[in-house]
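The sequence and structure are shown first.

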Amino acid sequence: MRIRVQEAPFDLGAEVNRFTAAQADMGAVVSFTGVVRGGGGTLRHMEIEHYPGMTESALRDISEQACARWSLGDVLVIHRYGRLAPGAQIMMVATASRHRKDAFEAAEFLMDYLKSRAPFWKREVTEDGAAWVAARDEDEAALTRW
Amino acid sequence: MNVLYFAWVRERIGLPREEVASEAATVAELVDELVAREERYAAAFADRSALRVALDQELSDFDAPLAGVREVAFFPPMTGG
């Protein structure tokens with residue numbers, strides 16, 4: 001299990017390749033990447049604030065829950081903070097399992113929990129000014145299915 | 001104790017963290033003390049249902065006791081991913 005919280009960009013292809021190559025006896029690797037939407041061209045950039053210390057422990061806790069619940073070979077979570085341009089990769093998760101169902105479900109679980117239980121806050125800067133992104137009710141509701 | 005503020009809570013209060021001397025027994029009592037200090041705290045804590053609290057970097061709630069807690073953080077609902 002590896003958790004990284006960083007300002008720098010990551011190389012999605014290299015991360016997935018390295019993650020996949022490190023697995024033994026795993027028949028499935030699922031990865032998800034979150035990308036900054038362009039907002040129809042009005043978004044200048046996004047800023048992500050986080051809570052150093054709690055962020056890492058929350059991501060670790062969520063990943064441990066996934067490992068306890070599904071049969072996983074490994075979990076990788078990378079989440080960026082700081083200023084991100086439209087189209088930039090914000091974060092990724094990768095999961096490995098013997099069969100694909102565990103990897104798919106665990107990746108969805110990680111994403112659902114990470115959205116509303118990991119201490120990150122997004123702020124969008126547009127031509128008209130800056131605004132904090134409000135949490136969506138459906139993100140909180142998504143947790144009830146687990 | 002150390003009190004931390006994030007996102008728009010930080011902006012409204014005007015600082016990211018401060019040392020607070022308090023005898024408050026619960027998070028709610030601590031918030032009451034802060035709100036009584038100055039208008040900027042009252043503005044930040046006007047709608048407590050819009051806020052989340054973490055005690056020593058673990059999510060908690062406003063009824064939670066503060067005994068033994070070293071770090072309290074207030075922030076809006078998280079928007080990761």
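The sections below treat a sheet, its helices, the aromatic rings and the nonpolar cores.

The model is predicted: local features need pLDDT of at least 70, side-chain atom pairs count only at pLDDT 80 or more, and totals for chains, interfaces and linings use all residues. Residues are numbered from 1 along each chain as its sequence is written, chains are lettered from A and ligands numbered from 1 in the order in which they are written, and side-chain values use heavy atoms, with hydrogens and water left out.

**The sheet of chain A**

Helices (H or I, at least four residues) and strands (E, at least two) are DSSP runs, numbered from the N terminus. Two strands pair if DSSP finds at least two bridges between them. In chain A, four strands make up an open sheet of mixed pairing, in the order β1-β4-β6-β2. The edges are held by β1 and β2 (28-35) of chain A; each has a single partner strand, so one side of each lacks a neighbour in the sheet. From one strand to the next, the twist averages 5°; axes are lines fitted to C-alpha atoms, for helices over the stretch in contact, and angles run from 0 to 180 degrees between N-to-C directions.

| Strands | Sense | Bridges |
|---|---|---|
| β1(A) and β4(A) | parallel | five bridges |
| β4(A) and β6(A) | antiparallel | six bridges |
| β2(A) and β6(A) | antiparallel | eight bridges |

Gln6(A) stands opposite Arg80(A) in β4(A), Ile78(A) has Met92(A) of β6(A) as its bridge partner, and Phe32(A) is partnered by Val93(A) in β6(A).

Helix α1 (residues 12-21) of chain A touches β1, β2, β4 and β6 of chain A, and its direction makes about 15° with that of β6(A). Helix α2(A) touches β1 and β4 of chain A, its direction making about 150° with that of β1(A).

Strand β4 (residues 74-80) of chain A is mostly covered, with seven of its seven residues buried; buried means under 20% relative accessible area, exposed over 50%, and partly exposed in between (1.4 Å probe, protein chains only). Asp74(A), Leu76(A), Ile78(A) and Arg80(A) point one way from β4(A), while Val75(A), Val77(A) and His79(A) point the other way. In a regular strand the side chains alternate between the two faces of the sheet.

**Aromatic rings**

Rings of Phe, Tyr and Trp (its six-membered ring) pair if their centres lie within 6.5 Å; planes under 30 degrees apart count as stacked, over 60 as edge-to-face and the rest as tilted. Over all chains, a search of the whole structure finds 12 aromatic pairs. The rings of Tyr51(A) and Phe75(B) have centres 6.4 Å apart and planes at 70°, so this pair is edge-to-face. The pair crosses between chains, from the loop between β3 (43-50) and α2 (54-69) of chain A to strand β5 (residues 71-75) of chain B. Phe75(B) is buried, at a relative accessible area of 0%. With Trp121(A), Phe75(B) forms a tilted pair, the centres being 5.0 Å apart and the planes at 55°. Ring pairs link Tyr51(A), Trp121(A), Phe6(B) and Phe75(B) into a cluster.

**Nonpolar cores**

A nonpolar core is a set of buried Ala, Val, Leu, Ile, Met, Phe, Trp, Tyr and Cys residues joined through side-chain atoms within 4.5 Å. The largest has 35 residues, and those with the most contacts inside it are Leu30(B), Phe45(B) and Phe74(B). Apart from it lies another core of 31 residues, among them Ile90(A), Met111(A), Phe120(A) and Leu143(A).

Technical notes: Contact = heavy atoms within 4.5 Å.
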